[in-house]
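Please open the structure in your viewer and keep the selection panel at hand. The stops below say what to select next and what is to be found there.

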Amino acid sequence: RDRDVTGVQTCALPIFPAYANRSNVGLTGAAVRGKLPFVTTSRQQLEARLETLEAEREIVRTLHRYAHSIDYGDEEGWLDCFTEDGVFDIRSRHAHQLKRRISGRDELRTFISGHTRAPELWHKHLLVEPLVDVTGSHTATCRSYLAVVMDHEDVPTLRVFGRYRDTLERCADGRWRFRERIAEIESMRADLRPFVDGRPAP
């Protein structure tokens, strides 16, 4: 361990040898001559990086929890992915396709109670390539691709694809939840059984 010019204790982090001979990584002359340079990082910087990584991991867990709960009818688990005043905004680029804005716990509860789930209808909400940006200690955004596959007459079938645009908040219990989830539907088959309001009335 060393101390930088401000007196802050630092850790020396080596740059791996595999990069030493690459001309496009901006290494120092010492690296070119085969000597490994070191980058000094303060404890505060390391802690900030660790907090960001932990936040990203927990946010991805929220994304996954959303999909697992909606596909298998875990209504309370799905609701718990949203803040109390959370919004789920379904948009489409086609006039004939589903559009709906669901706001607040009561509307969210009504929505998920009418959504199909296994074993009534087998489907999977797939989330692909999430890009998470932690913008503050309690705020983050995420963009990801979405696709939903379903069983149709014993054939796995792609029903819809598009993308999610999410705004998330870290709540008092430390969990990250959606303050707003926008589902942008880019293409959807109209000849298949609907998911939203797809359950028969009790």
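This is a predicted model: local features need pLDDT of at least 70, side-chain atom pairs count only at pLDDT 80 or more; totals for chains, interfaces and linings use all residues.

Residues are numbered from 1 along each chain as its sequence is written, and side-chain values use heavy atoms, with hydrogens and water left out.

**The sheet**

Select the open sheet of 6 strands, whose order is β5-β4-β9-β8-β7-β6 and whose pairing is mixed; two strands pair if DSSP finds at least two bridges between them. β5 (100-103) and β6 each have a single partner strand and stand at the edges, so one side of each is left without a neighbour in the sheet. From one strand to the next the twist averages 15 degrees.

Now select β6 (residues 123-134) together with β7, which pair in the antiparallel sense over 10 bridges and form a hairpin with 4 residues between them. Within this pairing, V128 has Y145 in β7 as its bridge partner.

Moving on to β7 and β8, you will find that these strands run antiparallel and are joined by 14 bridges. Here A147 stands opposite F161 in β8, and D151 stands opposite P156 in β8. The hairpin of β7 and β8 has 2 residues between the strands, and in it E153 takes a positive phi near 55 degrees.

**Helices on the sheet**

Contact here means heavy atoms within 4.5 Å, and the angles, which run from 0 to 180 degrees, are taken between N-to-C directions of lines fitted to C-alpha atoms, for helices over the stretch in contact. Helix α4 (residues 104-113) also packs on the sheet, touching β4 and β5, and its direction makes about 55 degrees with that of β4.

**A pair of rings**

Rings of Phe, Tyr and Trp (its six-membered ring) pair if their centres lie within 6.5 Å, with planes under 30 degrees apart counted as stacked, over 60 as edge-to-face and the rest as tilted; by this rule there are 11 aromatic pairs. Select Y66 and F88, whose ring centres are 6.2 Å apart and whose planes are at 70 degrees, so the pair is edge-to-face. This pair links distant parts of the chain, with Y66 in helix α2 and F88 in strand β4, 22 residues apart.

On a 1 Å grid over the protein atoms alone, a cavity is a set of points where a 1.4 Å probe fits but cannot get out, and a pocket is an open set with protein on both sides within 12 Å along at least five of seven lines, lining residues having an atom within 4 Å of a point.

The largest pocket is lined by 20 residues, of which I90, L98, I185, F195 and V196 lie nearest its centre. Among the elements that give two or more residues to this lining are α2 (43-72) and β4 (82-92).

For the last stop, select the lining of the largest cavity, which includes L63, Y66, H125, A147 and R181. α2, β6 and β7 each supply at least two residues of that lining.
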